[in-house]
Amino acid sequence: MKDLFHGSLVRLTAEEPAVTASAFSRWGRNTTYHRLLNTDPQRLFSSKSIEKELEKESEKMAQGGLPEGFFFDIRALPEDRHIGFVGLWGPEWTHGDIVVSIGLGEPEYWGKGYGTEAMQLALRYAFTELNLHRVTLYVFDYNTRAIRSYEKAGFQFEGRIKGLIVRDGQRTDVTCMGVLHDDWLVAHPQ
């Protein structure tokens, strides 16, 4: 059996809320990072406000509530540096679907395979631990580096939402991509 949370470049972790909140607050000040990750207008949040939100979700789960998703921090190996996150959100248990999102907040790790491996670990978790049928993601068309990474991880183009967001006064399409359990299994036999 393979370790669900370790690869050769990264490992997935659960951090203390203060650690994650501090990183999210710092990364959120990088406009490029924000525009690759989020459709919301750029806003700045203190680490304290982020920490409160993370603690609310932890408390909800501790009281037996269903998780809204499965969240992991990404740490680069071997130095174990906290470089990003990957999350599986809004599980549709009846249909076996979940939406994945990923963000690398440390630009020096972009385009070097760290995000691809973290996504592969998230897919392994979704398909082998959660027993899901498919994983879906949405990506801005201008984020071509991410699209290539997702294709390497096994995602396929499924559609385009035309002109969904505005960046610098220009309308941008959003691409929908997905990977099915059986297709993933062919590429990753157990």
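Predicted model: local features only at pLDDT ≥ 70, side-chain atom pairs only at ≥ 80, totals over all residues.
Tutor: Residues are numbered from 1 along each chain as its sequence is written, and side-chain values use heavy atoms, with hydrogens and water left out.

Student: Why is Arg75 called buried?

Tutor: Buried means under 20% relative accessible area, exposed over 50%, and partly exposed in between (1.4 Å probe, protein chains only). Arg75 has a relative accessible area of 14%, so the residue is buried.

Student: In which strand is Arg75 found, and which residues does Arg75 touch?

Tutor: Arg75 belongs to strand E2 (residues 69–76); strands (E, at least two residues) and helices (H or I, at least four) are DSSP runs numbered from the N terminus. Contact means heavy atoms within 4.5 Å. Not counting residues up to four places away in sequence, Arg75 touches Leu9, Val10, Arg11, Thr13, Glu15, Val19, Asp80, Arg81 and His82.

Student: How far is the backbone oxygen of Asp80 from a polar atom of the Arg75 side chain?

Tutor: The distance is 2.4 Å.

Student: What is the strand order of the open sheet, and what makes E1 and E6 its edges?

Tutor: Two strands pair if DSSP finds at least two bridges between them. The seven strands follow the order E1-E2-E3-E4-E5-E7-E6, with mixed pairing. Strand E1 (10–13) and strand E6 (156–167) each have a single partner strand, so one side of each is left without a neighbour in the sheet. From one strand to the next, the twist averages 25 degrees.

Student: How many bridges join E6 to E7, and how many join E5 to E7?

Tutor: Eight bridges link E6 with strand E7 (residues 170–180), and the two run antiparallel. Ile161 has Val174 in E7 as its bridge partner, and Arg167 stands opposite Gln170. E5 and E7, also antiparallel, are joined by seven bridges, with Val139 opposite Thr175 in E7.

Student: Which strands does helix H5 touch?

Tutor: Helix H5 (residues 144–153) packs on the sheet and touches E4, E5 and E7. Its direction makes about 165 degrees with that of E5; axes are lines fitted to C-alpha atoms, for helices over the stretch in contact, and angles run from 0 to 180 degrees between N-to-C directions.

Notes: Polar contact = N/O pair within 3.5 Å; in protein donor to acceptor, adjacent residues only side chain to side chain.
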